[in-house]
Amino acid sequence: MSENTAAVLTARGVRKTFEAENAPVRALRGVDLTVDRGEFVALMGPSGCGKSTLLNLIAGLDTADEGRIMVADEEVTGRTEDDLARLRRRHIGIIFQFFNLLEGMTVLENVALPAVIAGRKRRMAETRARDLLDLLGISDKAAAVPSVLSGGQRQRLAIARALANEPTLLLADEPTGALDSDGGAEVIELLTRLHRGGQTIVMVTHDANVAHAAGRVVRMRDGRIAEPQPGDDRVGPASAASATIGPASPAAAGAS
Ligand SMILES: Nc1ncnc2c1ncn2[C@@H]1O[C@H](COP(=O)(O)OP(=O)(O)OP(=O)(O)O)[C@@H](O)[C@H]1O
Ligand SMILES: [Mg+2]
């Protein structure tokens with residue numbers, strides 16, 4: 001598949017219907033999306049338009065009914081559970097909408113866990129986990145359990161954990177949704193810093209200010225992408241604001 005060699009993520013004609021009690025819910029109705037290596041994409045759209053569903057399918061946490069998803073030249077669609085688990089460990093870091101932290105473990109163990117699951121030695125995993133906690137400014141909380149952390153600290157912990165395996169693609173579902181504006185700004189500054197370090201990021205957000213940190217805004221509506229997609233063009237005509245804010249621009253390069 002060399003349709004776009006720089007692509008870290010390619011989704012083509014992705015459809016997903018949930019069987020609900022009354023009527024089926026067509027959550028995704030043919031999604032096409034390409035994200036290149038090093039891009040920071042903000043995914044926006046009204047509640048229920050399919051953003052989390054799309055992220056879950058990209059991460060291989062749920063399966064598409066139709067269409068094709070490739071991450072880092074590996075097919076996500078049509079794989080076994082084992083294959084998907086391996087692919088996730090190798091390529092995907094995900095920050096969930098509701099964090100999904102393990103309350104029975106310490107902060108350090110939460111961050112080290114993905115690497116341990118991926119087969120690294122515990123000591124190595126914990127060394128990297130300490131580095132990440134340091135990077136995110138919560139190393140003093142290493143021995144605490146997540147429940148004693150503030151919202152912003154919990155969010156940073158979720159980010160640290162998502163970075164544990166040096167993922168090719170970082171997926172974030174409303175990473176600032178549960179935070180006040182200071183906490184939100186911190187998280188965005190952090191994601192911006194990661195992006196400048198070369199991390200590819202797809203972030204769901206409802207907040208236009210948050211979206212401005214990203215290099216490109218992609219809009220969804222009713223289970224579809226609502227704007228022209230790359231492959232076609234870098235930035236759609238309706239996202240003039242995002243076109244002027246590239247990763248190297250002063251606006252995105254806030255204090256760090
Ligand atoms: N497991 C499920 N079973 C049934 N319906 C579901 C399921 N998951 C999602 N849906 C439905 O699919 C649609 C898309 O949901 P999704 O969670 O992707 O929306 P979203 O864009 O992330 O919304 P929000 O911004 O509120 O998080 C919604 O109508 C939702 O009710
Ligand atoms: Mg959602």
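**Entry 1: α3 and α4**

I looked up how helix α3 (residues 107-117) and helix α4 (residues 122-135) pack, and found an angle of about 125° with axes 8 Å apart. Axes are lines fitted to C-alpha atoms, for helices over the stretch in contact, and angles run from 0 to 180 degrees between N-to-C directions. Helices (H or I, at least four residues) and strands (E, at least two) are DSSP runs, numbered from the N terminus.

The model is predicted: local features need pLDDT of at least 70, side-chain atom pairs count only at pLDDT 80 or more, and totals for chains, interfaces and linings use all residues. Residues are numbered from 1 along each chain as its sequence is written, while chains are lettered from A and ligands numbered from 1 in the order in which they are written.

I then checked which residues of α3 meet α4, where contact requires C-beta atoms, placed from the backbone, within 7 Å. V107, L108, V111, A112, A115 and V116 in α3 meet residues of α4 including A125, A129, L132 and L133. Ala, Val, Leu, Ile, Met, Phe, Trp, Tyr, Cys and Pro count as nonpolar, Asp, Glu, Lys and Arg as charged, and the others, Gly among them, as polar.

**Entry 2: ligand 1**

I listed the residues around ligand 1 (C-beta atom, placed from the backbone, within 6 Å); among them are F18, S47, K51 and T53. The shell around ligand 1 divides into five nonpolar, five polar and one charged residue. I found that α1 gives the most to this shell, with three residues.

**Entry 3: the chain**

I counted eight helices and ten strands in the protein chain.

Methods
Two residues are in contact if their C-beta atoms, placed from the backbone, lie within 7 Å.
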